[in-house]
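I begin with the aromatic rings and then turn to the chains, a strand and a helix.

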Amino acid sequence: MSEPPLTFSGSPAILIERLIAVVGEDHCLSRPEELFTYGCDGLTLDAHRPSVVVLPKSSQEVAAAVAICRELGCPFVPRGAGTGLSGGATPLFGAVVICCSRMGEILEIDAENRIAVVQPGVVNAHLSRAVADLGLFYAPDPSSQQACTIGGNVAENSGGPHTLKYGTTTNHVLAVEMVLPDASTVRLGSPTGFSPGYDLVGAVVGSEGTLGIVTEITVRLMAIPEAVETILAIFDDVPSACRLVGGIIRSGMVPAALEVVDQRTIRAVEASVYAAGLPTEAGAVLIIELDGAACEMEGQLARIRALAENEGVRDLRIAENAEERTLFWRARKGAFGAMGRLAPDLYVHDAVVPRASLPEVLEEICAIGDRYSLKLSNVFHAGDGNLHPNISFDRRDPDELARVLAAGREMLELCVRVGGVLTGEHGVGTEKRDYMGMLFSPDDLDAMRRLRDAFNPDGLCNPGKLIPTTRACMESNPKARGYDEVPLE
Amino acid sequence: MSEEVAPGTIDGLRAVVADGVRLLDPPERTGGSRLLARVEPSSGEELAECLGVFARCREPVLVTGAGTQLDLGNPARGVSVALSCRRLRGIVELDAADGVVQVSAGTPLAELDREVEAQGWLLPLDPPNRGGTVGGALATATCGPRQRGFGPVRDAVLGMDTVMASGARTRCGARVVKNVTGYDLAKLYVGSLGTLAVMEKVWLRLKPIPASIRVLEVDPLDAQEAFGLAVAAGRRGSARAVALVGPEPGTQEKNSDPWRLVAEFAGEAAATDADANWLAAGRPAKAGSEASIEAVRVLQGERRPMGLKARMHLLPGALAAACVHLQAYGARVLAYPEPGVVHASFEPRGESTPDWLPGVLGRLEEISVAGGGQWVVEALPEEARADWDVFPGASGLALMRSIKERFDPDAILNPGRFAGRI
Amino acid sequence: MSETSPLFDLDPSLLDDSLDCVHCGLCLSACPTYRITGRENSSPRGRIYLIRGAAEGKIELGGVVAEELGLCLGCRACESECPSGVEYGAMLEKGRAAIADAGLRKGWAYRLEGFALRRIVAFPRRLHAAFSLLGLAQRLGMDRVAGLLLPFVDYARGLLPRVPRAAARRRLPAFTPAQGERRGRVALLEGCVMAELFGDVNRATVRVLARNGYDVVVPEGQGCCGALHAHAGDLSTSRRLATKNVEAFALPGGEPVDAVVSNSAGCGAALGETDQWLPGRGEELARQARDVCEWLDEVGLRAPSGSLAARVCYDDPCHLVHAQGISSAPRRLLSAIPGLELVAHADAESCCGAAGTYNLLQREMSQRVLEPKLDALAAADPDWIATGNPGCMLQIEAGVRARGMAARVVHPVELLDRAYAGSAPGES
């Protein structure tokens, strides 16, 4: 079992010189200010300075960069667009950031077999756009899809609103080429979706970049459904909206998406460029999306209507056309960023609970927010039981920051108590690494460590993520250190 | 006989589960092994303690469920003791509001099917052999005609409690339907033929019972029409099972349109009717039933003692050519165009196994390579199992070995059963 | 506030502005420079983080910060994607001002730009004289000679059209009466580059407005809007110029106007933000500012009956679509022209790389930003490319010519003007 390495202590000059020889001067960043912006991903509370940032263009360059890191004993961390929310791309221990943003080519689109082969830096939404004319789309649609990369999605097993019906990234990745931490390149899985032996693709998707760097991805494409209906069910409060979610699940219908947006979120979004005419006086809106054959829609709509009326829905609005539907979804997906209007900082939580417990859990989460006097808003994938309590705050107020962290911990404890988990789509990263013990025993974590060590025996690949280290107790909680103590010389 | 089992093993097992250890005299020949004893723990604690005994004694063990699918994979190497999970039985929790169930691994599938359906849900597992256990279905990851509707086996698994080779009890995943908390170890365990850990109980995701089911049988079709139609049928929104059944070998000369299509549509009545009407339009189609699907399943599970069965995974575009080649080589072919699985069954015609087998395996490899496919052997004549690895050309084998070495360093669990005889 | 003190004398509002960004990254793929370099530093989120780091004293203001703020096109495509409503454009101007004030805006090109903007562009007569001189040089072939000696001049020569003869560059009439039924009265901003290089567009604008029933006044004393100065970090000159325009457009000719119309997206955006430069005093002008297409669409275009059989690609100027949120109005106007076929192209909303003086200062990046647009335009193969900003017109025209494409670049009002010319006089 390996321990994460200590901070890179070799000569940066040699490291830089060797890496420049691989990627060229333009694509090797080493000045302090350049490194500064790579200190964190979407989780800004915990920033660390990398030794170097390289921007390779090909798998060969990735492999060469990994080989150099390994030879010089420097840890390295893969990065896509840096939109992750759990610190997966944060360079701990002076790691080299290997950023795949320049590997943005769609290598192959095979419409007959409904697959595409992409480089890891392809932006999620760009793939769906590229295949739209063929009547196809790439199903996983995280809210950051207009910016996040498919390589990053593979690392985090990203979800999105439509995972209720279509599943997460893991259900859509058929094969990968990856550079292992020993700098060798392997192909895992196959375009057919089956490969003899252990399901290594299944293990790699969602491994948060700790098993290697994925350099090419074969994904499944889906046919754009013939008909889509998007319904806004407007409620006086969040628990009522959640009860309708329970009713729909129990009814056996499988909508494409079931998303709850609360009042504070609606108001923030409606003040932004993503305004979609959501009712700002509503306590909560449940976005219900049905898709499938045109002939199915009417019957399902009628059943939804009946169920919604049972739960005391105030109003049901159905998107009249594709433009209005796009507006609704842009509003939903812009919700996280729109929170920036409420306060300088935002803590986006991510936990999952059994769907039947949503109404009670939501009430308790709000009670926790109130108890800590925090500005809490909720926008979440109700159909999956995937909660996103968002806390708006100002990190410059140390007392408020401490309350944010304490409340976050309590919310996670609550979710685990009802049978839930720490994260549904954002990942563990550095953010929840030290909370893993809430859910898993030392033996459980030991099994995970064995998997990591099989791929990454010397621990140089993205160290300090996902699994608590035995050294963790000696380190202070990274979040408590905060942004203001980013080490910079 | 005890000199063939590491000292202390049997006594150790008896101390854990007195009534669950049976000595087999004469030895039992099962799945290519010669078994001298069988242990059947009846709880997770007992399972863990049993594996602790095997670990301490460094005694390898053949882990089984009901023992119905030991034809799959390679035979275990050097095992004399079997551990069966079939007494780990029963539903732990069925949450009808959430559509999830936690069940002990040794529960018979048929029993779980019944309980789940009584609560208004459907178990989305469809192994060709319904006589096995839940754990067996997951460990083999085999799937019958309903793969199109149910998805791959691994999609049904939300969480797992397992016992490691060391005897440590661990869990991964949970009861919730979306989860990225830690590595997704369950993905590794599914389909691993029990070589990494032993399942104790699992959380499964259920599917709603469809409001309407329409089964159609269309025949006969020539190859060109059959495959185009089958792929299109498999891509209809409500398709749950689409199978193309080839003719018995040797009969195709008499019949120019040999392919029979069986399709099942499930879901909202409006959708199943629309899809069924689409398929039936202008074709000789007759209504089928559950029995039509069961017949396909039986065909897939059929085992001929001297025969060879292979499963090949192909992209839809490569399906027709591969099936025609397989058939020309004398195979009975059953194809599921979506997601692109072909089951081919061969029998020697008078030749002896050693003369016949290499040719068939070579031809399978050629056909697979030509179609960009992947394949495994699902059944071989018993006497050939020692000589032929049933997992040809697994990529990433070094990583697989590295995983096995870390999960089961002393090669206790089903040694030799898996790809590369891991 | 942060415990560390800034190393430089920064506008204190910069730190607060930078905190509006929650680092979600939705802006990344909208940013032309990020799309090309793949570097976080060259993205809006990265640049904000740099500004924040500098404001908090964590990093130097010179070096990378100055380079990356210089590399920014200022196209503000990021603002169209930003759910937090970060006012990136304003932050960029303040950041560049801080860099300029700290004496960190280095290099001869920047010094030349600063001189030109402060000493020439800010003064309409000097600018007129400069263009006259340039026109003379072009006619004598001196620019070609200079181009042989200095690569930069040769490059710049490729971007500039021939300076029109004096007749086309004369001032607009101070008053043009409405035609047909009178609907109101508007004032027109002549602009600096527009007046010198695109006098015909200005005259077409006046005719189209008049044709739509508006008296058009062109107030004395107006001048450059100051946008280029602000983009270059010279906020004090911008404020001085804005003050002049506020005075010039307050009751021009002693009567109120319904709108202050501009036909240049960059100038229009600047007019619309006068309230930010001059809080209080600038509010009236900001409220009245309208792009010509926006105004015609708002009041209802008098549809031309003359037809113009042509395939037209409309290309969105950044300062229209991203800074002012105007994208459908110009397309609606063009669609109203009988016979005209509006052809969509794949890259309409991204920057062409002109970006004010950017194509002179960041030549390589400017060209790389332009390439995808030219590819998209070549694929759409229109007769005309319509866009409503002088910088964009020059840049795209130069690119189109360099590729030998047949399409010509026009301002949307020129097409309207042609269509009206085809209509019977008095009829609309």
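B:Tyr189 and B:Phe407 form an edge-to-face pair, at 6.3 Å centre to centre and 80° between the planes. This pair links distant parts of the chain, 218 residues apart: B:Tyr189 is in helix α6 (residues 185–189) of chain B and B:Phe407 in helix α12 (residues 397–407) of chain B. I took helices (H or I, at least four residues) and strands (E, at least two) as DSSP runs, numbered from the N terminus. B:Tyr189 and B:Phe407 are buried, where buried means under 20% relative accessible area, exposed over 50% and partly exposed in between (1.4 Å probe, protein chains only).

The model is predicted: local features need pLDDT of at least 70, side-chain atom pairs count only at pLDDT 80 or more, and totals for chains, interfaces and linings use all residues. Residues are numbered from 1 along each chain as its sequence is written, chains are lettered from A and ligands numbered from 1 in the order in which they are written, and side-chain values use heavy atoms, with hydrogens and water left out.

I next looked up how the chains meet. A:Tyr198, B:Phe391 and B:Phe418 form one aromatic cluster. Chains B and C share no contact, and their closest C-alpha atoms lie 20 Å apart.

I then examined strand β17 (residues 332–336) of chain B. Its 5 residues are all buried, so the strand is largely enclosed by the rest of the structure. B:Arg332, B:Leu334 and B:Tyr336 lie on one side, B:Val333 and B:Ala335 on the other. β17(B) pairs in the antiparallel sense with strand β13 (residues 239–245) of chain B over 2 bridges and with strand β18 (residues 341–346) of chain B over 5 bridges; pairing requires at least two DSSP bridges. B:Leu334 is the bridge partner of B:Val245 and stands opposite B:His343 in β18(B).

Finally, I inspected helix α22 (residues 363–380) of chain C, which has 18 residues. The helix bends by about 30° at C:Glu371, and C:Pro372 follows within four residues; the bend is the angle between axes fitted to the seven residues ending there and the seven starting there.

Note on methods:
The expected span of a helix is 1.5 Å times one less than its number of residues. Contact means heavy atoms within 4.5 Å. Rings of Phe, Tyr and Trp (its six-membered ring) pair if their centres lie within 6.5 Å; planes under 30 degrees apart count as stacked, over 60 as edge-to-face and the rest as tilted.
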